[in-house]
Amino acid sequence: VGFLTPSIQTFSLNSTDINVTVPAGNYKPDYVFIIFKDKSLANSSQVNSCLNSNGDIQSLQINLGGEMYPSIAQQARWGSNFVNQFYEQYKDCVVKLTGECSMSLQEYRDLYPIFAFDLTAQSIKVKNLSTQVNVIGKRNSGTPELNMYVIVLYEKFYSAQYLRNEVLPKS
């Protein structure tokens, strides 16, 4: 999937509480993707750096102008493979953007957990009103320390072209 976004924000997490604010500017954010990487493995040549960490995330939500996405916090227990809600959320976002999702639940759970949030149901944004994307969640444990990458997609910067199965920058 190709896309254009003004910035990718990086945050360092070392506790069980997650409360991160991403300034979104004057654009209406449509999708948020969050990836966690184990900070201790960042410079390791023994580990595939493309793999993501599940961060031992228990719950994760987006607060956008007082509206919570999803409205009820998704719950996960990674050790017991109870991650279907996060996977379904990811899959729904990818299908809306590209027409299909080729990542299986097992690949998502074991290799590439990507937390995805569809914000397209939000009310119409008032022009020139600044937006902040607040990421709120809990981890089951505070270790290891994580890098959190937040990618915000704005309707202004992408257009989905389902017939060719790709997402392109708007021209």
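The model is predicted, so its local features need pLDDT of at least 70 and side-chain atom pairs count only at pLDDT 80 or more, while totals for chains, interfaces and linings use all residues. Residues are numbered from 1 along each chain as its sequence is written, and side-chain values use heavy atoms, without hydrogens and water.

Start with the layout. The protein has two helices and 10 strands. Both are DSSP runs numbered from the N terminus: helices are H or I with at least four residues, strands are E with at least two. Along the sequence, the order is β-β-β-β-β-α-α-β-β-β-β-β.

Of the 171 residues, 40% are buried, meaning under 20% relative accessible area with a 1.4 Å probe, protein chains only. Contacts are heavy atoms within 4.5 Å. Among those with a separation of 6 or more, 75% join residues 24 or more positions apart.

Now look at strand E4, residues 57-64. Seven of its eight residues are buried, so the rest of the structure largely encloses E4. Strands pair if DSSP finds at least two bridges between them. E4 pairs antiparallel with E7 (residues 131-139) over seven bridges. There, Gln61 stands opposite Ile136.

E4 also pairs antiparallel with E5, over five bridges. Ser59 has Gln75 in E5 as its bridge partner. Two residues separate E4 and E5 in a hairpin. In its turn, Gly65 has a positive phi of about 60 degrees.

Finally, follow E5, residues 67-75, to Pro70. A cis peptide bond links Tyr69 to Pro70, with omega about -15 degrees.

Methods. Buried < 20%, exposed > 50% of the residue type's maximum accessible area, 1.4 Å probe, protein only.
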